[in-house]
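Please read them alongside the coordinates.

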Amino acid sequence: MTVLLAGLCTIDVVQRVAELPEPGEKVQSTSVEVAAGGPATNAAVTVAALGGDPVLVTVLGAHPLAALARADLDTCGVRLLDADPGCPEPPALSAVAVRERDGERTVVSRNAARSTARLPSLAEVVDVRSVLVDGHHPALALGVARWARERGVPVVLDAGSWKPVLDELLPLVDIAACSAGFPLPAHDLLARGVGTVIVTAGPDPVRWWTAEESGSVPVPEVRARDTLGAGDVWHGALVLGAGRCALPELIRFANEVAAERVRHSGARSWVRRIGVQ
């Protein structure tokens with residue numbers, strides 16, 4: 001079950017704190033963790049944890065920090081295609097604080113929406129069942145989506161926020177999985193050629209639309225210990241099930257996987273509880 005994912009890979013420095021700091025305030029953390037992050041990257045880790053074979057197309061480059069992400073992805077079972085392996089710039093770095101009592105977090109990061117990296121050869125990527133793009137590294141997103149459309153492979157878009165590339169990308173998308181704050185409503189996305197629109201809203205029911213029908217799927221009630229990357233995990237489960245599960249069962253599966261993620265503290269601890277390793 002090969003899944004091709006294209007998008008952002010960051011270095012996440014995650015610190016757990018009793019309370020999130022106010023402006024100008026310094027607080028002591030209770031733990032520190034360093035892991036690869038980013039929407040497509042966390043989705044790829046999820047695909048691997050659930051027994052799939054993820055191939056991640058991104059940019060890491062030659063900076064020493066990139067080795068941290070490479071090692072983490074290798075441990076998690078994610079195959080990497082670096083679109084610019086000689087890039088001397090450091091990869092995107094995310095500074096994250098997670099509040100102990102409820103798993104809420106703050107994130108300061110830099111995205112790759114203005115990246116000019118070109119799509120590397122996909123000649124050795126075979127038997128792809130589904131594709132996910134997150135809109136970062138625009139040429140990678142467009143290239144992978146076009147490659148998938150030519151082969152009849154379903155394309156899932158992680159639509160967390162609006163990016164200029166989406167004007168070109170949306171007609172190539174089969175499933176647009178949007179955050180509640182995404183600026184375009186479902187009927188506009190359907191009009192642009194998207195087959196299915198799904199909108200998540202944290203603990204609230206997940207809503208979905210096609211040209212013929214619509215519905216909602218409740219989210220399991222859990223005690224959240226860490227919400228970092230929960231949406232990315234949800235997208236990873238969704239893309240793994242795309243083409244194999246029909247709505248609303250596909251959404252229910254993704255909801256259950258994301259619920260398991262937020263039960264556990266840390267970037268990778270949940271993988272050992274849910275995964276096929």
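Is Glu150 buried or exposed? Glu150 is exposed, with a relative accessible area of 65%. The model is a predicted one, and the points below should be read on that basis.

1. Glu150 and its partner. Arg151 pairs with Glu150 in a salt bridge whose closest N and O atoms are 3.5 Å apart. The two ends fall into separate classes: Glu150, at 65% relative accessible area, is above the 50% cut-off for exposed, while Arg151, at 47% relative accessibility, counts as partly exposed.

2. Arg146 and Glu168. A salt bridge joins Arg146 to Glu168, and their closest N and O atoms are 3.3 Å apart. Arg146 belongs to helix α3 (residues 138-151) and Glu168 to helix α4 (residues 166-169), so this pair ties together parts that are 22 residues apart in sequence. Arg146 is partly exposed at a relative accessible area of 40%. Glu168 is partly exposed too, with a value of 47%.

3. Glu19 and Arg101. The side chains of these residues meet in a salt bridge with an N to O distance of 2.9 Å. Glu19 has a relative accessible area of 39% and is partly exposed.

4. Salt bridges overall. The whole structure contains 14 salt bridges. Some of them share partners, and in this way Arg16, Glu100, Asp226 and Arg261 are joined into one network. As background, side chains of opposite charge can pair when their charged atoms come close.

5. Largest pocket. The volume of the largest pocket is about 1,300 Å³. Its lining comprises 44 residues, and those closest to the centre are Arg105, Thr227, Ala230, Gly231 and Asp232. Elements that each supply at least two lining residues include the strands β2 (10-17), β6 (92-99), β7 (105-108), β9 (155-159) and β10 (175-179), along with the helices α1 (39-49), α6 (230-241) and α7 (249-262). The largest share of this lining, 5 residues, comes from α6.

6. Cavities. There are 2 cavities of 30 Å³ or more in the structure. The largest cavity holds about 110 Å³ of space. It is lined by 13 residues, with Asn42, Leu228, Arg261, Ala267 and Arg268 nearest its centre. At least two lining residues come from each of β2, β3 and α1.

7. Backbone geometry. Most residues other than glycine have a negative phi, and most peptide bonds are trans. The peptide bond from Leu247 to Pro248 is cis, with omega near 0 degrees, and Pro248 is placed in the loop between α6 and α7. Asp127 has a positive phi, near 55 degrees, and lies in the loop between β7 and β8. His137 also has a positive phi, near 50 degrees, and lies in the loop between β8 and α3.

8. His137, in contrast, is buried, with a relative accessible area of 5%.

9. Leu119. This residue is found in the loop between β7 and β8 (128-133). At 29% relative accessibility, Leu119 counts as partly exposed. The C-alpha atoms of Leu119 and Ala139 are 6.5 Å apart in space, although the two residues are 20 residues apart in sequence.

10. Nonpolar surface patch. Val32, Val34 and Leu68 make a nonpolar surface patch of about 260 Å². Leu68 is part of helix α2 (residues 66-76) and is partly exposed, at a relative accessible area of 44%.

11. Annotation. The unreviewed UniProt entry carries the annotation "domain: Carbohydrate kinase PfkB", covering residues 4-178 and 186-269. In the model, residues 186-269 are 39% helix and 19% strand, and the end C-alpha atoms of this span lie 35 Å apart.

Key
Residues numbered from 1 in each chain as written. Predicted model: local features only at pLDDT ≥ 70, side-chain atom pairs only at ≥ 80, totals over all residues. Heavy atoms only, no water. Patch = residues over 30% accessible without salt bridge, like charges linked within 9 Å, V, L, I, M, F, W, Y side chains within 5 Å. Areas by Shrake-Rupley, 256 points an atom, 1.4 Å probe, with all protein chains shown as cover. Salt bridge = Lys/Arg side-chain N within 4 Å of Asp/Glu carboxyl O. Helix = DSSP H or I, 4+ residues; strand = E, 2+ residues; numbered from the N terminus. Buried < 20%, exposed > 50% of the residue type's maximum accessible area, 1.4 Å probe, protein only. UniProt positions renumbered as here; feature names shortened; annotations may be inferred. 1 Å grid on protein atoms, 1.4 Å probe; cavity = no way out; pocket = protein on both sides within 12 Å on 5 of 7 lines; lining within 4 Å. Points joined across faces, edges and corners; volume = space filled by probe spheres on them.
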